[in-house]
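Open your viewer and get ready to click along. We'll go stop by stop, with something to select at each one.

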Amino acid sequence: MPGNTTSPQPRCEATHPDDASPCEGPLDAVTVLDRQGSAAGACVHHGAHLYASLVDPRVRVGSVPGAAIEVYHRAQAIPAFAWLNRRQLPTEGER
């Protein structure tokens, strides 16, 4: 029906293309960095997913006070590459 279409919701930089889950909160709640210092702005949900999937990650405060520690704690409770089918996990060398 014309007029009933919805535009896709914006997603944070940390969202993996294969992750269909929606962002949670502001898209710049935190910044997640990899061991080389590359950074991605993230919502809390995708920030935790990214943090859990990186080797030697760091998380910095973004627009939401307390979100960095929330990302850290959530990442401890989820597997790396949580959005993938468990049989498709990359090896350590592919991370």
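Is Phe81 buried or exposed? Select Phe81 and show the surface around it: at 13% relative accessibility, Phe81 counts as buried. Here, buried means under 20% relative accessible area, exposed means over 50%, and partly exposed is in between, using a 1.4 Å probe and protein chains only.

Some ground rules before we move on. You're looking at a predicted model, where local features need pLDDT of at least 70 and side-chain atom pairs count only at pLDDT 80 or more, while totals for chains, interfaces and linings use all residues. Residues are numbered from 1 along each chain as its sequence is written, and side-chain values use heavy atoms, with hydrogens and water left out.

**Stop 1: the whole chain**

Zoom out and switch to cartoon. You'll find two helices and three strands in the chain, and from the N terminus on they run β-β-α-β-α. Helices (H or I, at least four residues) and strands (E, at least two) are DSSP runs, numbered from the N terminus. Of the 95 residues of the chain, 35% count as buried.

The chain exposes about 6100 Å², and carbon and sulfur atoms supply 53% of that; the area comes from the Shrake-Rupley method with a 1.4 Å probe, and for residues only the protein chains shown count as cover. As for contacts (heavy atoms within 4.5 Å), take those in the chain with a separation of 6 or more: residues 24 or more positions apart account for 50% of them.

**Stop 2: helix H1**

Select residues 44–53, which make up helix H1. How many of the residues of H1 are buried? The count is 10 of its 10 residues, so H1 is mostly covered. Color Val44, His45 and His46 to see some of those buried residues. What does the covering? Strand E1 is part of the answer, and so are strand E2 (39–42), strand E3 (58–61) and helix H2 (67–76).

**Stop 3: Tyr51**

Stay in H1 and pick Tyr51. Tyr51 is buried, with a relative accessible area of 13%. Show what surrounds Tyr51: not counting residues up to four places away in sequence, it touches Val32, Pro57, Arg58, Val59, Val71, Tyr72, Ala75 and Gln76. Then draw a distance from Tyr51 to Phe81, our opening residue: they are 30 residues apart in sequence and 9.7 Å apart in space, C-alpha to C-alpha.

**Stop 4: where H1 and H2 cross**

Show H1 and H2 together. Two packed helices are described by the angle between their axes and the distance between the axes. The axes of H1 and H2 come within 8 Å and cross at roughly 50°. Axes are lines fitted to C-alpha atoms, for helices over the stretch in contact, and angles run from 0 to 180 degrees between N-to-C directions. H1 and H2 are therefore oblique to each other: angles under 35 degrees count as roughly parallel, over 145 as roughly antiparallel, 65 to 115 as roughly perpendicular and the rest as oblique.

To see the contact itself, show side chains on both helices. Among the residues making it are Val44, Ala48 and Tyr51 of H1, along with Val71, Tyr72 and Ala75 of H2.

**Stop 5: two residues with positive phi**

Go back to Phe81, in the segment after H2. Phe81 has a positive phi of about 55° although it is not a glycine. Now select Asp56, in the loop between H1 and E3. Asp56 also has a positive phi of about 55° and is not a glycine. At 52% relative accessibility, Asp56 counts as exposed.

**Stop 6: before E1**

Select Ser21, in the segment before strand E1 (30–33). Its side chain makes a polar contact with the side chain of Asp19 (2.5 Å). A polar contact is a pair of N or O atoms within 3.5 Å; within protein, one must be able to donate a hydrogen and the other to accept it, and residues adjacent in sequence count only if both atoms are side-chain atoms. Leaving aside neighbours within four places in sequence, Ser21 is in contact with Arg11, His45 and His46.

Next, pick Leu27, which also lies before E1. At 31% relative accessibility, Leu27 counts as partly exposed.

**Last stop: Pro65**

Finish in the loop between E3 and H2 by selecting Pro65. At 75% relative accessibility, Pro65 counts as exposed. The C-alpha atoms of Pro65 and Ala29, 36 residues apart along the chain, are separated by 8.1 Å.
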